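Please walk through this structure with me, one place at a time. Keep the sequence and the 3D view at hand.

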Amino acid sequence: MKQVSTLIARFLKERKVDRVFSLCGGHIMPIWDDLGGLGIRIIDVRDERAAVHMAHAHSELTGRLGVAVVTAGPGMTNAVTGIANAFIARVPILVIAGVPPQAQQNMGALQSIAQVDIVRSITRYARTICRAEHTLRELDEAAACAQGHGGEPGPAFIDFPTDVLRTRIFDSRIDPIHFRPHERVIISPAVETIRCAANLLTRSRRPLVISGRGTRGAAAPLHKFLDAFGCAYLDTPESRGLIPADHPRFVPAVRGRAMREADLVFTLGRSLDFQLAYGSRAVFGEAQFIRAGTTPSELSGNRRPEVALFGSPAAVLDALADTLQGATTGLDHRWLADIQAADRKSRQALVTKMRQMPPGDDGAMHPYRLLSRVREKLKRDAVVVADGGDFLSFARIGLSGTSYLDCGPFGCLGVGVPFGIAAALAFPNRQVAVLSGDGSFGFNAIELDTCRRHGARVVFIVANNGAWNIERNDQKFSYGGRIVGTELEDCDYAGLAQSLGVRGQRVEQPDDLPAALEQAFNRAPALLDVRVTRDAVSPDSQSGLATVPDSQALTAWDELEQAMREGDET
Ligand SMILES: Cc1ncc(C[n+]2csc(CCOP(=O)(O)OP(=O)(O)O)c2C)c(N)n1
Ligand SMILES: [Mg+2]
């Protein structure tokens with residue numbers, strides 16, 4: 001006989017889950033007890049939201065299923081933001097929750113709420129398991145849905161009434177096949193569509209490749225393709241680090257120009273969301289599109305391509321590289337050389353600018369000044385996590401790293417601290433730097449306690465401008481300057497860290513940064529509370545992202561969109 005909670009723990013063990021992120025509660029205690037019994041590490045946090053963010057980062061960075069276990073009722077509702085964030089970012093995670101016992105259903109039980117109804121719209125799978133013998137079959141399906149079999153990857157949510165967790169079933173009712181991990185699914189593209197795509201590619205003069213989540217794990221074929229074919233290349237935050245920053249085809253500093261001038265756009269495992277101007281003709285003009293991927297959003301969402309390549313990006317790239325071998329192309333080599341040169345020039349100028357940025361009128365240092373010092377200290381394999389408004393914008397542009405995580409397309413402030421902790425626990429021997437705005441840091445600041453208890457060697461760098469500054473700037477520039485509710489007081493984040501047992505230091509002067517950073521990395525976990533100016537206007541603030549234009553995410557794109565629509569109507 002086996003208890004359901006034991007089967008859940010065994011399932012996780014067989015699926016190579018070596019840790020779960022969780023916060024205790026009576027409704028899930030049978031699972032906790034069995035996790036302990038099987039030696040699965042419990043990273044016990046201070047808020048369930050942080051547990052889900054950690055599972056998210058663990059999944060992103062290791063490629064393994066991230067698992068959070070949360071108790072019934074408020075434990076589950078606290079987890080909602082984390083689940084929603086993983087849903088929008090399409091990250092495979094499994095969230096297991098408790099439910100009050102069945103005999104008390106609909107009677108006003110403690111911690112009772114319609115959990116599955118709450119998460120239905122933000123999960124790929126959401127079910128309550130009331131029959132003990134269904135446990136493994138359902139967990140198996142939940143994991144497959146999370147991993148995106150036949151659909152988009154994302155969160156799976158499964159919950160169990162506590163009496164079900166305590167139910168025992170006969171060994172004969174357990175089918176061990178459900179313990180077996182699923183094979184990685186590779187979908188080969190159809191030969192005919194590959195031929196059509198190759199045709200367009202060879203005829204194009206200024207081709208641009210843009211990668212997305214679906215390209216993860218396809219670094220080698222992507223390299224091979226970029227080496228073989230003379231296109232420009234852009235990543236997106238979800239595929240950052242796939243191609244190293246110094247790859248000759250990679251032109252991130254002239255993103256807008258590359259998007260505007262390309263005559264053929266080839267997207268790989270990427271939806272055309274707000275970051276890619278929804279694929280609008282106002283921005284991409286009449287460029288032709290080839291879109292490769294495995295989901296409708298990647299293949300045709302927002303803009304139907306000339307060729308939709310249904311298949312895994314790795315397989316698509318391999319097939320195309322073979323087909324294109326030795327083919328004559330119409331490439332405009334001058335264009336490529338030109339935008340490569342412009343990209344290098346712009347990147348170099350940024351490095352110089354970051355180093356020399358003067359302080360603001362308040363005398364405090366510019367965020368770029370801080371970041372240029374951080375940049376000098378980061379090793380090539382560092383994990384960089386960015387969180388905030390203005391500061392996220394500066395950090396995204398000013399830092400590179402093979403692994404990079406931030407608030408993502410959900411704009412989910414507060415991820416920095418938990419993402420950093422999960423990263424440091426996954427990679428104890430790599431540098432992990434969390435670059436956070438002061439406002440954003442506050443959301444999950446209490447997890448510094450989790451950080452210390454679990455020995456996560458994170459360096460937290462808080463850019464303390466005493467404001468929700470990107471919003472404050474919005475009030476300054478777009479609302480006539482009335483500042484309401486966007487300023488914070490000068491909190492002592494170093495003192496806060498110290499009170500939780502994490503080394504904390506206040507830094508006011510740029511010259512003090514090198515030594516402070518050196519010490520922080522040597523003696524992590526540590527937090528640097530760095531005073532930065534409010535007078536800095538970030539690229540995201542300048543581009544209008546914070547202003548929320550009507551038709552596009554950025555003001556310039558929005559204006560192009562309006563102009564195109566007006567043109568269409570006259
Ligand atoms: C959970 C959440 N709440 C509010 C927002 C809106 N928002 C976006 S950026 C920002 C300001 C962030 O302030 P801070 O972290 O201090 O960074 P700064 O802009 O000051 O560098 C706010 C409030 C959001 N994206 N997410
Ligand atoms: Mg701030």
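**A walk through the model**

P525 sits in the loop between α23 (513-522) and β19 (526-531). Here helices (H or I, at least four residues) and strands (E, at least two) are DSSP runs, numbered from the N terminus. The peptide bond that leads from A524 to P525 is cis, with omega near 5°.

Some ground rules come next. This is a predicted model, in which local features need pLDDT of at least 70 and side-chain atom pairs count only at pLDDT 80 or more, while totals for chains, interfaces and linings use all residues. Residues are numbered from 1 along each chain as its sequence is written, chains are lettered from A and ligands numbered from 1 in the order in which they are written, and side-chain values use heavy atoms, with hydrogens and water left out.

K16 is found in the loop between α1 (4-14) and β2 (19-22). K16 is not a glycine, yet its phi is positive, at about 65°. Is K16 buried or exposed? Its relative accessible area is 57%, so K16 counts as exposed. The terms have cut-offs: buried means under 20% relative accessible area, exposed over 50%, and partly exposed in between (1.4 Å probe, protein chains only).

A277 lies in the loop between β11 (264-268) and α12 (281-284). A277 also has a positive phi, of about 55°, although it is not a glycine. A277 has 0% relative accessibility and therefore counts as buried.

Now look at T295. Its loop runs between β12 (288-293) and α13 (296-299). T295 has a relative accessible area of 1%, so it is buried. Leaving out residues up to four places away in sequence, T295 touches R90, G151 and E152. Such a contact means heavy atoms within 4.5 Å.

V254 is another loop residue, placed between β10 (232-234) and α11 (255-261). V254 is buried because its relative accessibility is 11%. What does V254 touch, not counting residues up to four places away in sequence? The partners are I339, A342 and D343. R213 is 41 residues from V254 along the chain, and their C-alpha atoms are separated by 21 Å.

V384 belongs to strand β14 (residues 383-387). At 1% relative accessibility, V384 is counted as buried. Beyond residues up to four places away in sequence, V384 touches L378, L399, S400, S403, Y404, L405, A433 and L435. V316 is 68 residues from V384 in sequence and 30 Å from it in space, C-alpha to C-alpha.

H53 is found in helix α3. H53 has a relative accessible area of 0%, so it is buried. Apart from residues up to four places away in sequence, H53 touches T81, G82, N85, C412, G414, V415, P418, F419 and N444.

Helix α3 (48-62) leads on to an open space. Both α3 and α14 (313-324) supply at least two residues each to the lining of the second largest pocket. This pocket holds about 1200 Å³ of space. It is lined by 37 residues, and P92, Q147, P153, R184 and V185 are the closest to its centre. By class, the lining has 13 nonpolar, 14 polar and 10 charged residues. Ala, Val, Leu, Ile, Met, Phe, Trp, Tyr, Cys and Pro count as nonpolar, Asp, Glu, Lys and Arg as charged, and the others, Gly among them, as polar.

How is empty space found? Rolling a probe the size of a water molecule over the atoms shows where empty space is left. On a 1 Å grid over the protein atoms alone, a cavity is a set of points where a 1.4 Å probe fits but cannot get out, and a pocket is an open set with protein on both sides within 12 Å along at least five of seven lines; lining residues have an atom within 4 Å of a point. Grid points are joined across faces, edges and corners, and a volume is the space filled by probe spheres set on the points.

How many cavities of 30 Å³ or more does the whole structure have? The search finds 1. The largest cavity has a volume of about 40 Å³. Helix α17 (residues 390-398) gives the most to its lining, with 3 residues. Among the lining residues are P367, D390, F391, F394 and A463.

D390 also brings us to ligand 1. Of the 17 residues around ligand 1, the nearest are D390, G411, D438, G439 and S440; a residue counts if one of its heavy atoms lies within 4 Å. A backbone N or O atom of G439 is 2.8 Å from an oxygen atom of ligand 1. For A467, a polar backbone atom lies 2.9 Å from an oxygen atom of ligand 1.

Notes: Polar contact = N/O pair within 3.5 Å; in protein donor to acceptor, adjacent residues only side chain to side chain.
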